[in-house]
Amino acid sequence: MILIQNIKTLTLDDFAILRMFHVKHFHEYYISDNSFTAYLSQPQYTTYGMFHVKRLIGYAIFLNGGVDADIIYIATSPKFRRYGVASALIARYITDYKISNLFIEVEARNTIALRFYNTNSFEIIGVRRKYINGHDAYLMVKRLAKCCLYTIFYTKILYI
Ligand SMILES: CC(C)(COP(=O)(O)OP(=O)(O)OC[C@H]1O[C@@H](n2cnc3c(N)ncnc32)[C@H](O)[C@@H]1OP(=O)(O)O)[C@@H](O)C(=O)NCCC(=O)NCCS
């Protein structure tokens with residue numbers, strides 16, 4: 001069972017495990033050791049890992065922008081896909097950071113990722129030609145501001 005409590009913020013202590021996981025499951029996107037170090041140590045980044053019996057089964061790296069934020073990388077171990085791991089990592093970020101918009105650039109040919117973002121209420125707002133590894137990419141956004149306002153409004157109605 002995927003438990004949100006099994007998500008932890010990764011730090012430099014997790015460098016080796018994160019690097020190994022990325023190379024094993026997401027090798028088509030090269031990340032330098034310097035970038036890994038930045039993602040795990042600099043305050044503009046947040047990196048979460050989902051664990052199952054002490055084993056890393058998914059991770060997500062976010063660029064914190066204040067009102068807006070970006071997903072830089074997100075991946076789940078093939079054995080644990082379709083259990084809600086990546087969705088839970090995004091949900092955790094949204095809970096921790098009160099952002100209005102969450103952006104992602106997705107390769108247009110990555111149909112699985114497109115379905116994943118679609119299920120998680122991201123919408124396509126632009127196309128970037130030959131943008132990722134020479135392939136077209138979609139810029140997608142998950143808008144949160146309206147839904148927060150709606151929640152506040154709805155909660156108020158309940159209390160009137
Ligand atoms: C995309 C990825 C991160 C999704 O991770 P995940 O933990 O399996 O995602 P979730 O279980 O939270 O999926 C939520 C929903 O997304 C959709 N989805 C996810 N994987 C899917 C697939 N293979 N086929 C169709 N829909 C899929 C489904 O609607 C799913 O809900 P459901 O299982 O109840 O039908 C994972 O497939 C992955 O690591 N891919 C390789 C790395 C990658 O491409 N990352 C994204 C780059 S932008």
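Colleague: What is the order of the strands in the open sheet?

Modeller: In general, strands of a sheet pair through backbone hydrogen bonds, either parallel or antiparallel. In this predicted model, an open sheet of seven strands has the order β1-β2-β3-β4-β5-β7-β6, with mixed pairing. Two strands count as paired if DSSP finds at least two bridges between them. Strands (E, at least two residues) and helices (H or I, at least four) are DSSP runs, numbered from the N terminus.

Colleague: Which strands stand at the edges?

Modeller: β1 (7–9) and β6 (123–132) do; each has a single partner strand, so one side of each is left without a neighbour in the sheet. From one strand to the next, the twist averages 25 degrees. Angles run from 0 to 180 degrees between N-to-C directions, with axes fitted as lines to C-alpha atoms, for helices over the stretch in contact.

Colleague: In which sense do β3 and β4 pair?

Modeller: Strand β3 (residues 55–64) pairs with β4 in the antiparallel sense, over seven bridges. I61 stands opposite Y73 in β4.

Colleague: Which strands does α3 touch?

Modeller: α3 packs on the sheet and touches β1, β2 (45–52), β3, β4 and β5. Its direction makes about 40 degrees with that of β3. Contact between two residues requires C-beta atoms, placed from the backbone, within 7 Å.

Colleague: Which residues of α2 are buried?

Modeller: An α-helix has 3.6 residues a turn, so residues three or four places apart point the same way. In helix α2 (residues 33–41), the buried residues are F36, Y39 and L40. They cover an arc of only 90 degrees around the axis, which puts them on the same side of α2. The arc is taken from the directions from the helix axis to the C-beta atoms. N34 and S41, on the other side of α2, are exposed. Buried means 20 or more other C-beta atoms within 10 Å of the residue's own, exposed means 12 or fewer, and partly exposed lies in between, with C-beta atoms placed from the backbone. The cover over the buried residues of α2 includes α1 (15–25), β2 and β3.

Colleague: How many residues surround the ligand?

Modeller: There are 20, and the closest are T76, R81, A86, S87 and T119. A residue is near a molecule if its C-beta atom, placed from the backbone, lies within 6 Å of it. α4 gives the most to this shell, with five residues.

Colleague: How should I read the numbering and the cut-offs for a predicted model?

Modeller: Residues are numbered from 1 along each chain as its sequence is written. Local features need pLDDT of at least 70 and side-chain atom pairs count only at pLDDT 80 or more, while totals for chains, interfaces and linings use all residues.
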